[in-house]
Amino acid sequence: MSGFLKQLENEVSSEWETIKSGLFWNIMREEGFNTELYKLLMLQIFHYTKHNAINQAVATYKINHTEVPLLRFCFKHALEELGHENMVVRDLDSIGLYSPEDLASGALPATQALVGYLYHVALELGGLARLGYSYWAESSYGHLAEMTDHMKDDLNLKDNNMTFFVAHSAIDEKHSAEVNDAIEKNVKTDTQKKIVIDVARTTLYMTGVMFNNVAEVYLVNKKKKAVSA
Ligand SMILES: [Fe+2]
Ligand SMILES: [Fe+2]
């Protein structure tokens, strides 16, 4: 692992620590998952994941046509992310938690902000900068293990109820190696390194805000239920 990848991993790890001291993580540690918290989170994951293939393809717009290896990485990776949001639908449906109108409930403000920022990265900063997002997203399963263990234990889920986190992680192991390779080959200057770190930190920070937004909605719904009970 190069010095830069180590630096990137340190930045990402410290951002994960912040997420794990936030509202969502606290609720999960105290209460575990019930179907309501799980469904709220999975629907937000659906709402950002449905944009990933598209904003990865959009990120080629700023890349010069002579940068063939980076362009090839972006096009190939975009194609390989296509439809991954359907794993969320399949997982919810497999335990009877899905109905088509759920998707119309839309993305929470924090999810919309994350998606909007990712299109800004793609359109304004380009494919090299977006590697900062891919870096942590493709290798997030270790950091998410506490959460996915909770899901499995609290809701009694099997691997085939958790394809987004289980089958997906096998695909993403390969993606992560390809992202690391693309970073090592393309991120050379201090300016490029700074922008990749900035995008990694900002996208992960905003993902943490999304987790906490889910927790806020969960608490509001819980309070409403308690009042009407
Ligand atoms: Fe994916
Ligand atoms: Fe992936």
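Q: Where is H51 found?
A: H51 is found in the loop between α3 (35–49) and α4 (52–58). Helices here are DSSP runs of H or I with at least four residues, strands are E runs of at least two, and both are numbered from the N terminus. Residues are numbered from 1 along each chain as its sequence is written, with chains lettered from A and ligands numbered from 1 in the order written. This is a predicted model, in which local features need pLDDT of at least 70 and side-chain atom pairs pLDDT 80 or more, while totals for chains, interfaces and linings use all residues.

Q: What makes H51 buried or exposed?
A: A residue is buried with 20 or more other C-beta atoms within 10 Å of its own, exposed with 12 or fewer, and partly exposed in between, C-beta atoms being placed from the backbone. H51 has 20, so H51 is buried. Leaving aside neighbours within four places in sequence, H51 is in contact (C-beta atoms within 7 Å) with V115 and L118.

Q: Why does N156 count as exposed?
A: N156 has 9 C-beta neighbours inside 10 Å and therefore counts as exposed. N156 is found in the loop between α9 (145–155) and α10 (167–186), and has a positive phi of about 55 degrees although it is not a glycine.

Q: How do you know that α1 and α11 are roughly parallel?
A: Angles run from 0 to 180 degrees between N-to-C directions, with axes fitted to C-alpha atoms over the stretch in contact. Under 35 degrees is roughly parallel, over 145 roughly antiparallel, 65 to 115 roughly perpendicular, and the rest oblique. The axes of α1 (residues 3–19) and α11 cross at roughly 20 degrees, and the pair is therefore roughly parallel.

Q: Why are α7 and α11 called roughly antiparallel?
A: Helix α7 (residues 109–125) packs on α11 at about 165 degrees, with the axes 8 Å apart, so the two are roughly antiparallel.

Q: What is the hand of the crossing of α7 and α11?
A: A crossing is left-handed if the near helix is turned anticlockwise from the far one by less than a right angle, and right-handed if clockwise. α7 passes α11 in a left-handed crossing, while α1 passes α11 in a right-handed one.

Q: What makes a set of residues a nonpolar core?
A: Its members are buried Ala, Val, Leu, Ile, Met, Phe, Trp, Tyr and Cys residues joined through C-beta atoms within 7 Å. The largest such core has 55 residues, among which M42, L131, Y135, V196 and A200 touch the most other members. Helix α11 (residues 190–228) supplies the largest share, 10 residues.

Conventions. Two residues are in contact if their C-beta atoms, placed from the backbone, lie within 7 Å.
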